[in-house]
Amino acid sequence: MDTRALKTSAFLACLAVFSLTPASQAKWSLKANDKEKVRHTDVVVAKGETLKDDIVTDKSITVNGTLEGDCVSLGGPVEITGRVSGDIFSLGGPVRISGIVNGDMLSLGSELEISGFIDGDVAIIGSNLVL
């Protein structure tokens, strides 16, 4: 089997496994009319602050306080030292969780480092998981 066929088979196997996990059933879809919801700036929830909203950005996300909503990063790094009550989705950016996440975690294509607590399903495709 050539290298290209092997890579394609590996990708399809990962896709099949992901589609069967509960994390894949989360509400991580962005419709065409939701493009204005994507922020093009770094998002920081400071220690002692509570944000009751979903975050969708193509820059970095840092949660030192409390986020009551979902967290979607389209390429930027994610750092959670506080608490997130919602799901986290990262596409391509490194994720570091030393806080608490009450929801599912999905990381595609970049390292996921967990030294905190995740009360939900964890799925990582295309990179390493560090515990």
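This passage describes the overall fold of the chain and then several of its residues.

The structure is a predicted model, in which local features require a pLDDT of at least 70 and side-chain atom pairs count only at pLDDT 80 or more, whereas totals for chains, interfaces and linings use all residues. Residues are numbered from 1 along each chain as its sequence is written, and side-chain values use heavy atoms, with hydrogens and water left out.

Of the 131 residues in the chain, 35% are buried. Here, buried means under 20% relative accessible area, exposed over 50%, and partly exposed in between (1.4 Å probe, protein chains only). The accessible surface of the chain is about 7400 Å², and 55% of this surface belongs to carbon and sulfur atoms; accessible areas come from the Shrake-Rupley method with a 1.4 Å probe, and for residues only the protein chains shown count as cover.

In general, strands of a sheet pair through backbone hydrogen bonds, either parallel or antiparallel. In this chain, six strands form an open sheet with parallel pairing, in the order β1-β4-β7-β10-β13-β16. Strands β1 (43-45) and β16 are the edge strands, each pairing on one side only. Two strands are taken to pair if DSSP finds at least two bridges between them. Three bridges join β7 (residues 78-80) to β10 (residues 95-97) in the parallel sense, and Glu79 stands opposite Arg96 in β10.

Ser110 is located in the loop between β12 (105-108) and β13 (112-114). Ser110 counts as buried because its relative accessibility is 11%. Contact means heavy atoms within 4.5 Å; when residues up to four places away in sequence are not counted, Ser110 touches Gly92, Gly93, Pro94, Ile124, Ser127 and Asn128. A polar atom of the Ser110 side chain lies 3.5 Å from the backbone oxygen of Gly93.

Thr50 lies in strand β2 (residues 50-51). With a relative accessible area of 44%, Thr50 is partly exposed. Beyond residues up to four places away in sequence, Thr50 touches Thr66 and Glu68. The C-alpha atoms of Thr50 and Asn64 are separated by 9.6 Å, the two residues being 14 residues apart along the chain.

Leu129 belongs to strand β16 (residues 129-130). Leu129 is partly exposed, as its relative accessible area is 40%.

Methods. Helix = DSSP H or I, 4+ residues; strand = E, 2+ residues; numbered from the N terminus. Polar contact = N/O pair within 3.5 Å; in protein donor to acceptor, adjacent residues only side chain to side chain.
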